[in-house]
Amino acid sequence: MSLPPGLPSESLHVRYAETSSGGDHDWLPVISTKLYTNAFIISPGPPQKILLGYKKRGFGAHFYNGFGGKVEAGESPAQAAARELKEECGVEASLDHCGTLLFVNKGGPEWAFQIEIYRADGYSGTLIETEEMRPEWFSAADTRFSETSLTPEVIPPPIPYNSMWPDDIYWIPLLLTKLPFVGRADFDTDTSGRYEMLRWWFGVPSTSL
Ligand SMILES: Nc1[nH]c(=O)nc2c1ncn2[C@H]1C[C@H](O)[C@@H](COP(=O)(O)OP(=O)(O)OP(=O)(O)O)O1
């Protein structure tokens, strides 16, 4: 099983992948990439919880996502991930790299997003709402079968995939189970400006199983 084109480590072998239909030639061309980060705090629980931010402005506004942004000149992705986490929700965490994703948009920009994904089991400091993000906790487990007597402070609402980037539902479960992953999605926008996935591929390298 081979990876889609454009990822930094195309020679990896893969044991598990979820993919849309289509051949190798159906992927959009990747002219260049820009490095971004995305960091998630996952409280092991029980109940396992994930911290997401409601993005108030900029690219991906009104979606819930991890905390991240552009890797600046002279920074490593790990340094950028720590800086963005602190800037966007006020906390510090010991972040582990756990995935690399590539996102290509048909209508531009002409560069693709290469996003390095990080996770931490905990954090230090006090969570704050910033101009960019409003942090909120969500249940990582399926809460449909939870005891109804438990309050939202104990079991927060489930991960709001309907208010997230459409690719997230494919790789967040891998993030939650601590499986390293790689993936790619190509997008187009529909007439109302909504992002639609044209093709996708998300997988776990064989060395990690
Ligand atoms: N398809 C996608 N799925 C996803 O889950 N996250 C995506 C995504 N496409 C982009 N992102 C993330 C990557 C990054 O964390 C964020 C975009 O970064 P921002 O625009 O917030 O960065 P900037 O550094 O430009 O922002 P500022 O902090 O305003 O300077 O959106």
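**Exercise 1. Work out how the length of helix H1 (77-89) compares with its expected span.**

Solution. This is a predicted model. H1 has 13 residues. From its first C-alpha to its last, H1 reaches 18 Å. At 1.5 Å a residue, the expected value is 18 Å, and the helix is close to it. After H1 comes glycine 90, whose phi is positive, near 85°.

**Exercise 2. Find the buried residues of H1 and state what covers them.**

Solution. Start with the residues: Pro77, Ala80, Ala81, Ala82, Glu84, Leu85, Glu88 and Cys89 are the buried ones. Next, look at the cover, which includes strands E2, E3, E6 and E7.

**Exercise 3. Identify the residues with the most contacts inside the largest nonpolar core, and the elements that supply this core.**

Solution. The core has 46 residues. Those with the most contacts inside it are Ala39, Ala81, Leu85, Ala93, Leu95, Phe103 and Trp171. Both helices named here, H1 and H2 (168-176), supply at least two residues each, as do strands E2, E3, E5, E6, E8 and E9. Take Phe103 as an example: leaving out residues up to four places away in sequence, it touches Ala112, Phe113, Ile115, Ala185 and Phe187.

**Exercise 4. Decide whether alanine 140 is buried or exposed, and list its contacts.**

Solution. First locate alanine 140: it is in the loop between strand E7 (133-139) and H2. Then count: alanine 140 has 23 C-beta neighbours inside 10 Å, and therefore counts as buried. Beyond its neighbours within four places in sequence, alanine 140 is in contact with Ile42, Gln48, Lys49, Ile50, Ile159 and Leu176. Finally, consider glycine 45, which is 95 residues from alanine 140 along the chain; their C-alpha atoms are separated by 9.6 Å.

**Exercise 5. Describe the shell around the ligand.**

Solution. There are 16 residues around the ligand, and Phe59, Gly68, Gly69, Lys70 and Trp165 come nearest. Sorted by class, the shell has 6 nonpolar, 6 polar and 4 charged residues. Strands E2 (32-43) and E6 (111-120) each supply at least two of the shell residues.

Definitions and conventions. Residues are numbered from 1 along each chain as its sequence is written. This is a predicted model: local features need pLDDT of at least 70, side-chain atom pairs count only at pLDDT 80 or more; totals for chains, interfaces and linings use all residues. A residue is near a molecule or strand if its C-beta atom, placed from the backbone, lies within 6 Å of it. Helices (H or I, at least four residues) and strands (E, at least two) are DSSP runs, numbered from the N terminus. Ala, Val, Leu, Ile, Met, Phe, Trp, Tyr, Cys and Pro count as nonpolar, Asp, Glu, Lys and Arg as charged, and the others, Gly among them, as polar. A nonpolar core is a set of buried Ala, Val, Leu, Ile, Met, Phe, Trp, Tyr and Cys residues joined through C-beta atoms within 7 Å. A residue is buried if 20 or more other C-beta atoms lie within 10 Å of its own, exposed if 12 or fewer, and partly exposed in between; C-beta atoms are placed from the backbone. Two residues are in contact if their C-beta atoms, placed from the backbone, lie within 7 Å. The expected span of a helix is 1.5 Å times one less than its number of residues.
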